[in-house]
Amino acid sequence: MEMKRLSISLVLVLFLILALQILSAVDFDPYRILGVSKLASQADIKKAYKKLAREWHPDKNKDPGAQDKFIQISKAYELLSNEEKRLNFDRYGDVGENQGYPQQQQHQQRQFHHFHESFYFDESFFHFPFNSDRRDSSDEKYLLHFSHYVNEIVPDSFRKPYLIKITSDWCFSCIHIEPVWKEVVHELEALGVGIGVIHAGYERRLAHHLGAHSTPSILGLINGRITFFHNAVVRENLCQFVENLLPGNLVEKITDKNYIRFLSNWKKENKPHVLLFDHMPLVPLLYKLTAFAYRDYLSFGYVYVGLRGTEELSSQYNINVYTPTMMVFKEQIDKPADVVQARSMKKQLIDDFLSQNKFLMASRLTSQKLFEELCPVKKSHRQRKYCVVLITGEVDKFAASYEAFLAFATANTKDTLRFVHIYWNSQQEFVQSLLPDDDRSWGKSAVVILERRNNAGRVVYKALDNSWSGSKEDNFILLDMLDQLRTNPGFLSSDTVLADLNDELAPVFFLRWIYSAFDYLSESWDGFFHSNWREMMPLLSLIFSALFILFGTVIIQAFSDTGDERDSPPPKKDEPPSKSERNDTGFTKDNRIPKKGFVEVTELTDITYMSNLVRLRPGHMNVVLILSNATKTSLLQKFALEVYTFTGSSCIHFSFLSLDKHREWLEYVLEFAQDAAPIPNQYDKHFLERDYTGYVLALNGHKKYFCLFKPRKTSEEDANAHGHCDDSDLAEGRGKSSSYSSRPGSVKSKLDRLSLWMERLLEGSLQRFYIPSWPALD
């Protein structure tokens, strides 16, 4: 009995201990302490910590609880700045130091983490079983395979754009963008955007086919063409990226001045016209996606009801300005053929509305594709579709017969009937198959009822005995034929094979060639600037072949022209070069070698910032020296001596940045280098007065990354540090060391190892720190 009580007591004690641990963990919320969200980046976390550290530092804040508050802030930053600890806290709420791992195992993990960051790995190389749970279950339904992509996704991209993410295992950046990706997918999928996810480890062939050689990568697919996303992964950028994929002329802005012209184009374009009334100044993305999906069937116009100049339009069609409205206009522009209103326009509602209004009441047969859609092949006795075809001419004398046919079609709409018309002078072969020469006259209209039996062109049909004039007698005869057809399907007694229709609305060959060439050049230009080299190889091969032939011809011509001059006496070597020869800027051996100790260094200012960094050409880098007014002369001299051997490269530019003017810009950039400016000891009184003089940044403006050189510690600084300073403290001035560092010799020694760093920069072996976008210098 006592053993049972003891066991119960032990269980209760353990339960209380566990409850206390859970309560203590719940009380400590690092996100709440730093005032950041769970989606905050490392730069935001570090910025919030610096702000709170300045406010609650015990040496500056005399509040009695400042020290405890500062410790809490430091502990929160220590947890969130470590991605492994932060991930464990987000998953399990664990704030412990060791998190259940032995110290030796932690040391090995830190070594592997450092090794992984220092060298490039193909992140899909390792596929351990325990890593499979890293894949997000929400991405499972969007996973793409090569055959699925080629056979289904690419054809479907002509109807809607696709947003595709390429991910892999061991991709820590993929974890950072996951919350934003989920939010954007949830929003865009509801609007009609296709979503795809490609796992590069399992679909390496598809990833290479798309030109995605790193993860994570995000790309857009539309009309079978790939476009890569190159901006910061935030919701606004991704939504704008999808909107930019769409053509710019999908939706026309409509006002009182142009609505009649817009609606009257139904005859020329042979399609209904849709007017969208809404109170949004810009066309919503949902309407643009809808216009892209139905662009082959409908023309879209947008009316901003809050704009002056749309009052007449809204009044004529009795529009409720507070409710989004969609109207479809067909042959009659004075009143809509169909209307839908809803406080919240959803994709499903719009699709149901437009799918029922894709064609005119009596569409003109202008292509074989349209004919097959309006008059489908009979599949069963319950799925019969009959086409009533008016064969007429384009001139005005046939207008009355067409109007009468249109009125008959409007009054006799049925699911089994389609009313169409065709111009006999545009589709002569098609018409001759239905009306032999002895049964009709080219100067009169005729009506034929037909039913398609197979895809080879076989139809059964019956034509009216007399020509169609639109009289009451003609209407009664046609109505009687349709009634007989309803009760007797064998009423269509004639049989023939129709020729395919000509595509009347297709552009001529020359225009098609121009459009195709323009699309190809646009795609090639985009691929050239975004390094999609695999798809660029055919064009690059053509260009280099042409250049090889051109320069080969020029070189042969040059040798043949100088052949007669080989026997001419050489020029005298003792003659000094003329003044014009000294000023010649050609690429000679003498002027390719820089003058020793001379380097052209420009100051990075508001004027030169765009050209020297933001708009720097691909493959070029700007090496920027950080200096102050007091150290300008000595640092520039040492900088020139260290880098002058690298001035022969036209891809390397040299600049300097004044720390007194642009400290804020520099500190913002260094936020993205996790070990560039670490937070010093919490009781250091000078942690807000860091000295960045002697820092050197190699900035790649096009690819948005930089490499960092931190100056070596001087002997005075080593003596003052007493063995407790690490590489992150080498630029700080403290106590006596600040006075030593102001000496010219001490300042120059900061750049002693810069030449070795430059060699590693050109080798490409330096660590790169990526930045979403370059901040403004001012």
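**Notes on the model**

1. The axes of H8 (172-191) and helix H10 (residues 235-245) come within 10 Å of each other and cross at roughly 40°, where axes are lines fitted to C-alpha atoms, for helices over the stretch in contact, and angles run from 0 to 180 degrees between N-to-C directions. H8 is therefore oblique to H10, given that angles under 35 degrees count as roughly parallel, over 145 as roughly antiparallel, 65 to 115 as roughly perpendicular and the rest as oblique. Helices (H or I, at least four residues) and strands (E, at least two) are DSSP runs, numbered from the N terminus.

2. H8 passes H10 in a right-handed crossing; a crossing is right-handed if the near helix is turned clockwise from the far one by less than a right angle, and left-handed if anticlockwise. On the H8 side the contact (heavy atoms within 4.5 Å) is made by Val 180, Glu 183, Val 184, Glu 187 and Leu 188, and on the H10 side by Arg 235, Leu 238, Cys 239 and Val 242. These residues divide into 6 nonpolar, no polar and 3 charged, where Ala, Val, Leu, Ile, Met, Phe, Trp, Tyr, Cys and Pro count as nonpolar, Asp, Glu, Lys and Arg as charged, and the others, Gly among them, as polar.

3. This is a predicted model, in which local features need pLDDT of at least 70 and side-chain atom pairs count only at pLDDT 80 or more, while totals for chains, interfaces and linings use all residues. Residues are numbered from 1 along each chain as its sequence is written, and side-chain values use heavy atoms, with hydrogens and water left out.

4. A cis peptide bond, with omega about 0°, joins Thr 215 and Pro 216, and Pro 216 lies in the loop between helix H9 (204-209) and strand E3 (217-222).

5. Trp 170, although not a glycine, has a positive phi of about 60°, and this residue lies in the loop between strand E1 (162-167) and helix H8. Trp 170 counts as buried because its relative accessibility is 19%, buried meaning under 20% relative accessible area, exposed over 50% and partly exposed in between (1.4 Å probe, protein chains only).

6. Asn 223, likewise not a glycine, has a positive phi of about 55° and lies in the loop between E3 and strand E4 (225-228). At 32% relative accessibility, Asn 223 counts as partly exposed.

7. Gln 316 belongs to helix H14 (residues 311-316) and is partly exposed, with a relative accessible area of 39%. Leaving aside neighbours within four places in sequence, Gln 316 is in contact with Tyr 259 and Asp 334.
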